[in-house]
Amino acid sequence: MYVGRFIVVGPGIAAYRVSSRSFPNRQIVERESALTVSPKPDAPETDNPYISYNCVRETESGDVVVGNGSQVDPITEKLDLGYPARDALVESLLALDYEKDDYDTPRIAGVVGAESATIGIVRKDAVLVESVEEPTLVATYEEDSPRAFDFAATTAEDAAREAYDLDFEHAVCAAGVAVSEEGVETAVANE
């Protein structure tokens, strides 16, 4: 099944995977306090505004935002201003709305703390944001309503690998995040 991009979010753990039929020549690059999806050096040139973006950003308070597009940045900025996770997600997802591409691609995002997690999606027909107490998946297609998901990873490296290896079609790259009282750990799976 092709579900497009997806996140898995739970207290202390998160993963994001790029799955793509149209733009498979991408990778996740580690930067200071962020992981960024970008074209590989040999990727064909494109003017598509949706293929390069921060997919993981750490907040000043030590929480982490994950998502499939430019909404990651304003969510992070709102959290740094003191917004609750629910409000930061709702306002940013509503403001940016779903992607205006050929597929009306939803925007997905989550906020992960050591003891808390919130997940959200904005689709053409709805905005859903909820606090979650266990790993929860939401994707851009097919799985476009948050649902509890069996996800065993406890480290960032395991989260990236498990997300990449899930039995959804067209895996491109994945990121994993672990958040604890000791700090934030991230990992990348580029194939």
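Predicted model: local features only at pLDDT ≥ 70, side-chain atom pairs only at ≥ 80, totals over all residues.
Local features were required to have pLDDT of at least 70 and side-chain atom pairs were counted only at pLDDT 80 or more, while totals for chains, interfaces and linings use all residues. Residues are numbered from 1 along each chain as its sequence is written, and side-chain values use heavy atoms, with hydrogens and water left out.

A search of the whole structure returned 10 salt bridges, each defined as a side-chain nitrogen of Lys or Arg within 4 Å of a carboxyl oxygen of Asp or Glu. One of them pairs E91 with K78, with 3.9 Å between the closest N and O atoms. This pair links distant parts of the chain, 13 residues apart: E91 belongs to helix α2 (residues 85–96) and K78 to helix α1 (residues 72–80). Helices (H or I, at least four residues) and strands (E, at least two) are DSSP runs, numbered from the N terminus. E91 is partly exposed, at 38% relative accessible area; on this scale buried means under 20%, exposed over 50%, and partly exposed in between (1.4 Å probe, protein chains only).

A salt bridge also joins D87 and R86, at an N to O distance of 2.8 Å. D87 is partly exposed at 23%, whereas R86 is exposed at 54%.

The side chains of D104 and K124 form a further salt bridge, at 3.4 Å from N to O. D104 is located in the loop between α2 and β7 (107–112) and K124 in the loop between β8 (117–122) and β9 (127–131), so the contact ties together parts 20 residues apart in sequence. D104 is partly exposed at 27%, and K124 is exposed at 57%. Salt bridges with shared partners connect R123, D125 and D144 in one network.
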